[in-house]
Amino acid sequence: MIKQYETVFIATPVLSEAQMKEAVAKYTDFIKENGGEIVYEEDWGLKQLAYPIQKRTSGFYYLIEFKADPQLIASLETQYRRDERIIRFLTFAMDKHAVAYAEKRRANKQAK
């Protein structure tokens, strides 16, 4: 059963623009190669962290919204854990209300 998911990861702040693009491409390609479909991506840029993580006070935030089989999530999160560039991540299954909210948010962003 295909579900819609949203994953946000925080990459270490010492990455260059090219290294960040490479990290993003790695995860979007991983999702696609394993039967997932990318719905939306958004680069939130460099932000201050609420508290230090691994002695870092800032990080690059990136959001990927995708549709995939639930088995993909465990292997995606394993990939995050193995990558030293990723300092935090969160993936969650979106219910119909979250999907509707995300679509509304995207529509508002495009209208601006």
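Mentor: Start with burial. Buried residues, those under 20% relative accessible area with a 1.4 Å probe and only protein chains considered, make up 44% of the 112 residues. A nonpolar core is a set of buried Ala, Val, Leu, Ile, Met, Phe, Trp, Tyr and Cys residues joined through side-chain atoms within 4.5 Å. The largest such core has 20 residues. Phe9, Met20, Tyr27, Ile31, Ile64, Phe66 and Leu76 have the most contacts inside it. Two or more residues each come from β1 (3-11), α1 (17-33), β3 (56-68) and α2 (71-82). Helices (H or I, at least four residues) and strands (E, at least two) are DSSP runs, numbered from the N terminus.

Take Phe66. Leaving out residues up to four places away in sequence, Phe66 touches Lys3, Gln4, Tyr5, Thr7, Ile31, Glu37, Ile38, Val39, Leu72, Ile73 and Leu76. Contact here means heavy atoms within 4.5 Å. A second, separate core has eight residues, including Val8, Ile10, Tyr40 and Tyr61.

Now the setting. The chain has three helices and four strands, in the order β-α-β-β-α-β-α. Among contacts between residues at least 6 apart in sequence, 74% join residues at least 24 apart.

Two notes on the source. This is a predicted model, where local features need pLDDT of at least 70, side-chain atom pairs count only at pLDDT 80 or more, and totals for chains, interfaces and linings use all residues. Residues are numbered from 1 along each chain as its sequence is written, and side-chain values use heavy atoms, with hydrogens and water left out.

Methods:
Buried < 20%, exposed > 50% of the residue type's maximum accessible area, 1.4 Å probe, protein only.
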